[in-house]
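Visitor: I would like to learn how to read a structure feature by feature. Please show me the model, and then I will start asking.

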Amino acid sequence: MLRRGLQAWVVRVGVLLVAVCSGLSLLYVFACSPHSDDVLAPLPRVNAPTGKEGYQALLQEREEQHRHYISSLQKQISQLKEALEQRSEQLRSMKDSLKLAVGTPPSGLLGGEAERSRVDLQEFFRSQLSRAEVQEGTKLPSEYALVPFETFTLNKVYQLETGLTRHPEEKPVRKDCRDELTETLETALQALNSPWEGGDPAHRRVYSPGDFIEGISRMEKDKGTLYELTFKGDRSREFRRLVFFRPFGPLMKVASETVHTANMLINIVVPLARRVEKFRHFMRNFREVCIRQDRRIHLTVVYFGKDQIREVKGILDKTSKEMNFRNFTLIQLNEEFSRGRGLDVGARAWRRGNVLLFFCDVDIYFSAEFLNSCRLNAQPGKKVFYPVLFSQYNPHVIYGHNSAIPPIEKQLVIDKDAGFWRDFGFGMTCQYRSDFVNIGGFDVDIKGWGGEDVHLYRKYLHSHLLVVRAPTRGLFHLWHEKRCSDELPPEQYKMCMQSKAMNEASHGQLGMLFFRREVEAHLRKQRHQSPDRKS
């Protein structure tokens with residue numbers, strides 16, 4: 001009985017163990033078998049290594065692709081952070097500017113006031129955008145009111161206003177122009193490569209500067225600058241165009257001061273060699289402007305050589321007696337003429353403290369208004385003034401016969417047929433003696449005329465002083481005949497003749513001289529036809 005019960009118990013335990021093992025087996029199968037919707041591993045490529053090596057190569061390639069993509073994303077994130085920081089800083093600056101413009105304190109505002117200021121600034125920028133010609137054109141009164149665009153590529157700017165270089169096509173010379181175009185291009189690339197542009201990030205094209213074709217830009221001085229940039233598209237004959245607008249912010253008051261010029265003496269330094277008749281004309285203007293009107297002038301004449309020195313002394317003595325004027329110094333140098341040397345000696349000869357210097361020539365005409373501009377635009381240790389004077393054309397070409405030439409005072413008008421802005425000349429300048437001495441003065445090794453003024457000008461450009469360069473309405477260069485020596489080499493002679501032509505007359509006037517015979521023939525023909533028409 002006991003034996004039969006033991007057998008039955010063993011059978012039951014065996015059945016139970018078999019059931020448990022079967023259940024565990026089924027559970028293992030369900031848990032570890034692959035799901036039907038799992039992605040199958042990609043097969044090795046054709047002609048690629050198979051087996052373990054093939055899969056390792058494929059994994060390395062995929063890993064490299066992901067690494068490049070992650071690196072690109074990190075770079076874009078870094079650029080976006082920098083751009084965000086710059087925009088935040090600009091926004092803070094503009095908020096302070098707006099607060100100053102409306103007379104509110106720039107700091108310490110409550111939260112509501114700060115939020116209002118931010119909203120006001122945004123509204124101001126939107127108004128600038130809506131006023132500018134961005135979305136649609138504006139009715140203009142004539143062709144002269146149009147603001148033209150400039151065209152630019154990666155390396156060149158094509159411009160109507162050619163400036164000092166006179167190049168219609170050039171690389172941006174000024175640093176602010178280079179930085180402006182570089183920033184615009186970088187901003188456009190960030191916008192094209194940003195994650196918000198849409199598309200599959202794994203297959204989206206990454207734009208580079210090489211995809212840039214060209215752009216156009218123009219500035220409306222009271223509103224802002226408009227940029228339109230064109231890039232290559234994804235397909236042939238497809239392009240990507242981005243439009244940006246840089247709004248100008250509100251005016252910000254930087255300084256408010258009173259400038260006292262009552263005791264501000266100007267020492268006019270004039271180098272001279274012969275040219276007595278020119279000096280006589282110069283002194284006539286000096287009497288009227290400096291002695292009768294301004295009366296805060298000292299004249300220093302540096303004369304080279306002994307020839308005609310008596311005539312120069314006689315002119316100065318006569319002026320002194322007739323005008324009761326004794327504020328002049330005559331320095332004689334028995335050496336070869338050098339403009340830089342003469343100005344350097346005249347500037348250093350002053351021994352009564354710091355003084356405002358005006359370097360001048362005998363063929364220069366200036367007004368009392370210019371002397372005030374000289375005082376206002378030069379400041380010791382801070383600013384030097386390099387005015388752009390108006391250069392007169394040949395009066396015999398402008399007015400024709402000698403009898404038709406008006407007095408010199410009536411010739412001095414700023415008009416395109418009367419002369420031109422001499423923006424390539426740097427000889428006339430206002431600066432304090434202390435700045436002149438500290439900068440190192442002129443290069444006295446340069447002989448004759450030319451070169452010494454550019455050398456000094458570049459010294460100031462390389463310093464921390466502010467160079468004020470502006471057209472000046474009261475400063476004129478009187479025309480005088482320019483002679484090109486036969487001893488000059490062919491290239492220099494050609495340049496001399498080109499300079500002579502530019503000083504003779506305007507482009508249109510030279511054209512009339514060149515086609516004079518055709519013009520005269522036309523007039524004769526018109527005179528012959530007039531009696532026939534009357535009959």
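Visitor: Does Cys360 count as buried or exposed?

Guide: Cys360 counts as buried, at 0% relative accessibility. Buried means under 20% relative accessible area, exposed over 50%, and partly exposed in between (1.4 Å probe, protein chains only). Before we go on, some ground rules. This is a predicted model, in which local features need pLDDT of at least 70 and side-chain atom pairs count only at pLDDT 80 or more, while totals for chains, interfaces and linings use all residues. Residues are numbered from 1 along each chain as its sequence is written, and side-chain values use heavy atoms, with hydrogens and water left out.

Visitor: How many disulfides does the structure hold?

Guide: The general idea comes before the count. A disulfide is a covalent bond between the sulfur atoms of two cysteines. The cut-off is a pair of cysteine sulfur atoms within 2.5 Å. The structure holds one. Cys374 is joined to Cys430, S to S 2.1 Å. The link of Cys374 and Cys430 is left-handed, with -125° about the S-S bond.

Visitor: Which parts of the chain does the pair link?

Guide: Distant ones: Cys374 sits in helix α8 (residues 368-377) and Cys430 in strand β14 (residues 429-432), 56 residues apart. Helices (H or I, at least four residues) and strands (E, at least two) are DSSP runs, numbered from the N terminus. Both Cys374 and Cys430 are buried.

Visitor: What does Phe279 touch?

Guide: Contact means heavy atoms within 4.5 Å. Leaving out residues up to four places away in sequence, Phe279 touches Leu272, Val301, Val312, Ile315, Leu316 and Val362.

Visitor: On to charges. How many salt bridges are there?

Guide: The structure holds 16. A salt bridge is a side-chain nitrogen of Lys or Arg within 4 Å of a carboxyl oxygen of Asp or Glu. Take Asp294. Its side chain meets that of Arg375 at 2.8 Å, N to O. Arg375 lies in helix α8 and Asp294 in helix α5, so the pair ties together parts that are 81 residues apart in sequence. Asp294 also forms a salt bridge with Arg296, the closest N and O atoms being 3.0 Å apart.

Visitor: Is Asp294 buried or exposed?

Guide: Asp294 is buried, with a relative accessible area of 7%. Arg375 is buried too, at 1%.

Visitor: Where do Glu183 and Arg246 lie?

Guide: The side chains of Glu183 and Arg246 meet in a salt bridge, 3.4 Å from N to O. Glu183 lies in helix α4 (residues 175-192) and Arg246 in strand β6 (residues 239-247), so this pair ties together parts 63 residues apart in sequence. Glu183 counts as partly exposed at 25% relative accessibility, and Arg246 as partly exposed at 29%.

Visitor: Backbone next. What is the phi of Gln308?

Guide: Most residues other than glycine have a negative phi. Gln308 has a positive phi of about 70° although it is not a glycine. Gln308 lies in the loop between β8 (297-304) and α6 (309-323). Asn324 has a positive phi of about 55° and is not a glycine either. Asn324 lies in the loop between α6 and β9 (328-333). Asn324 is exposed, with a relative accessible area of 57%, whereas Gln308 counts as partly exposed at 28%.
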